[in-house]
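Open the model in your viewer and keep the selection panel at hand. The stops below say what to select and what is there.

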Amino acid sequence: MANPNDILSEQLARLSVETADVRPTANFTVRVMAAVELQSAVREDWSVQVLKWSKLGVAVASLAAAAGVALAWHSYDSVDQEEALAYGVMEAFE
Amino acid sequence: MPALEEAAHRVAKGDLPAFRIIVEACSERLVRLGARMLGNVTDAEDLVQEGYLRALRALQEQKFDGRSSVETWLHRIVANLAVDQLRARKRRAPVVESNDEMLVDTRANSADTRLALRELDQLMSCLAAEQRVALILSAMEGFSNAEIAQMMDCTEGSVEQRLVRARATLRQKRNDYGQS
């Protein structure tokens, strides 16, 4: 009885020979390059979008920080004014 | 610097048309590999195209370190994609190659070649995806166990195990067929 390993090896060797001529279809390179260009275009667009939104994010954060500082200063200023008013009233009564 | 590595270097620097050099040099071998793994040229071309797009992304993001050759690296990408696709196939119902797909392929590949691919697909259909890919890389593409280990991102021991199990499964299938 033939060795099953030999039979399998023979079959694989035969199929290897019979599939050695496999070729891509004629327009394969053209098709791939079209897909490559499309992917690159989408990727560039995406990078531009990310940059735009990140700049916007930085601008919004800066404005918020500035608004926060202004608010804090106004609150401090108000307290200062209230204290000055209180002292002024007290001095007026002394 | 060899031509493909030079082209990869240029692509990484933003020279997109240089990618065509890689595609023209590697497609025949990669499509043949994909066809042997998946059983037909149509699926193989889709697979290899996806492999090229991943390779391009990696080059543009400077993720190709040049430790292996460009061709070996592409084989690795295609082999791993084939494993994923074979696993997905097992989860789906079988799809018969349509007449349209066969018509597109007739000019590039003879009927005998397509029949041989179909026979190979049927022979390997009982194997786990990793075993199938390893056996094709070894028995049909002529890669060493060390090269296959690098492509499939596993140890040489794992490759040997996959090959032994694949052959044992195919022998068993032949015995079962002989007895039925």
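Start in chain B: select helix 2 and helix 3 (residues 41-60), which pack at an angle of about 135° with their axes 8 Å apart. Helices here are DSSP runs of H or I with at least four residues (strands are E runs of at least two), numbered from the N terminus. Axes are lines fitted to C-alpha atoms, for helices over the stretch in contact, and angles run from 0 to 180 degrees between N-to-C directions. That angle makes helix 2 of chain B oblique to helix 3 of chain B; under 35 degrees counts as roughly parallel, over 145 as roughly antiparallel, 65 to 115 as roughly perpendicular and the rest as oblique.

Show side chains on this pair. Among the residues in contact are F19(B), I22(B), L30(B) and L38(B) of helix 2 of chain B, and V41(B), L47(B), Y52(B) and L59(B) of helix 3 of chain B. Contact means heavy atoms within 4.5 Å. The residues of this contact divide into 15 nonpolar, 2 polar and 2 charged. Nonpolar covers Ala, Val, Leu, Ile, Met, Phe, Trp, Tyr, Cys and Pro; charged covers Asp, Glu, Lys and Arg; the others, Gly among them, are polar.

This is a predicted model, in which local features need pLDDT of at least 70 and side-chain atom pairs count only at pLDDT 80 or more, while totals for chains, interfaces and linings use all residues. Residues are numbered from 1 along each chain as its sequence is written, chains are lettered from A and ligands numbered from 1 in the order in which they are written, and side-chain values use heavy atoms, with hydrogens and water left out.

Colour by pLDDT, the predictor's confidence in each residue, from 0 to 100. Chain B has a mean of 89, and 89% of its residues reach 70 or more. For the complex, the predictor gives an ipTM of 0.84 and a pTM of 0.76.

Next select helix 8 (residues 145-152) of chain B, whose axis comes within 8 Å of that of helix 4 of chain B and crosses at roughly 65°. The two are therefore roughly perpendicular to each other. T72(B), H75(B), R76(B), N80(B) and V83(B) in helix 4 of chain B meet Q150(B), M151(B) and M152(B) in helix 8 of chain B. By class, this contact has 3 nonpolar, 4 polar and 1 charged residues.

Finally, show both chains. Here 30 residues of chain A are in contact with 41 residues of chain B.
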